[in-house]
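Open the model in your viewer and keep the selection tool ready. The stops below say what to pick and what you will find there.

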Amino acid sequence: MTEFKNLYEALAETQNHIEQPKKDASNPMFKSSYVTLDAVINAIVNARKSSGAKFFFTNIVQDGIMITRIIGYGDTLDLSGSKVADDLGNRGTNSAQAEGSALTYARRYSLSMAFGIASDVDDDGNGASAPNRKPAQPKLISKEKLALLERMITETSEFSGQDMMAFTLKAANVAALKFVTEENYKPLLAKVTEWHQKAEDKSNEPS
């Protein structure tokens, strides 16, 4: 069984074992199909078991945002997901049902983002808010930007002799670089560039 050095390695390997769940439920009102929360959780649990990773995951709400909290290997990682709908009155749905639908949508979306599970947006979130009020999916960085980050992190690791990927993922508050959003890209790139320059300067110092 694989022994992981840290939580980030365990998450990366778990993501490699994820089998995308099928859309196993439908919303006749909006003529759409979607993956249920149970299916998302089962996909994560099965991938965790297959990878040999040992961590605990749950969801909490902070400042109206559904957070996926992952605990293991002496570390805790909080990954931001979807905003929980705050306007629950819609299409005659009673408030309790609407609130439950909003929380379910936010949990499923947050878990899907954290573990790299494909999840469409035309789903039970419609029961919580009108189509133009659905939580917007954050735009992820392009392949080119991802490649730049990976190259700089690799070079920084070589200069410093340390595994800088774990530091970067923690700074970005993501489980993998592919989940970095456009909004967070510039400050993260600035931080990685700073680390890169310091590590390069130190490696060039006379011994």
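Start with the second largest pocket of this predicted model. Its volume is about 190 Å³. Select Ala12, Met165, Leu169, Ala175 and Ala176: of the 14 lining residues, these are the closest to the pocket centre.

Now colour by element. H1, helix H4 (143-160) and helix H5 (164-172) each give two or more residues to the lining of this pocket. What classes of residue make up the lining? Nine are nonpolar, four are charged and one is polar.

Next, colour by domain. Where does the second largest pocket lie relative to domain 1 (7-115) and domain 2 (143-204)? Both domains give residues to the lining, so the pocket lies between them.

**Next stop: the aromatic pairs**

The model has four aromatic pairs. Select phenylalanine 4 and tyrosine 73. Their ring centres are 6.3 Å apart and their planes stand at 90 degrees; planes over 60 degrees apart count as edge-to-face, so this pair does. Follow the chain from each ring. Phenylalanine 4 sits in the segment before helix H1 (7-16), while tyrosine 73 sits in the loop between strand E4 (65-72) and strand E5 (75-83). The pair therefore ties together parts that are 69 residues apart in sequence.

Show the surface here. Is phenylalanine 4 buried or exposed? Phenylalanine 4 has 11% relative accessibility, and buried means under 20%, so it counts as buried. Tyrosine 73, at 31%, counts as partly exposed.

Move on to phenylalanine 57 and phenylalanine 115. This aromatic pair is also edge-to-face, with 5.6 Å from centre to centre and 65 degrees between the planes. Phenylalanine 57 belongs to strand E3 (residues 56-62) and phenylalanine 115 to helix H3 (residues 95-115), so the pair ties together parts 58 residues apart in sequence. Both phenylalanine 57 and phenylalanine 115 are buried.

Ring pairs link Phe55, Phe57 and Phe115 into a cluster. Then show arginine 48, which lies over the face of phenylalanine 55. Its distance from the ring centre is 5.8 Å.

**Last stop: lysine 5**

Go back to the segment before H1 and select lysine 5. With 73% relative accessibility, lysine 5 counts as exposed. Draw a C-alpha to C-alpha distance from lysine 5 to tyrosine 73: how far apart are they in space? The distance is 7.7 Å, although the two residues are 68 apart in sequence.

Methods. Residues are numbered from 1 along each chain as its sequence is written. This is a predicted model: local features need pLDDT of at least 70, side-chain atom pairs count only at pLDDT 80 or more; totals for chains, interfaces and linings use all residues. Side-chain values use heavy atoms; hydrogens and water are left out. Rings of Phe, Tyr and Trp (its six-membered ring) pair if their centres lie within 6.5 Å; planes under 30 degrees apart count as stacked, over 60 as edge-to-face and the rest as tilted. Helices (H or I, at least four residues) and strands (E, at least two) are DSSP runs, numbered from the N terminus. Buried means under 20% relative accessible area, exposed over 50%, partly exposed in between (1.4 Å probe, protein chains only). A charge sits over a ring if NZ of Lys or CZ of Arg is within 6 Å of the ring centre and within 35 degrees of the ring normal. On a 1 Å grid over the protein atoms alone, a cavity is a set of points where a 1.4 Å probe fits but cannot get out, and a pocket is an open set with protein on both sides within 12 Å along at least five of seven lines; lining residues have an atom within 4 Å of a point. Grid points are joined across faces, edges and corners, and a volume is the space filled by probe spheres set on the points. Ala, Val, Leu, Ile, Met, Phe, Trp, Tyr, Cys and Pro count as nonpolar, Asp, Glu, Lys and Arg as charged, and the others, Gly among them, as polar. Domain bounds come from an automatic or database domain assignment.
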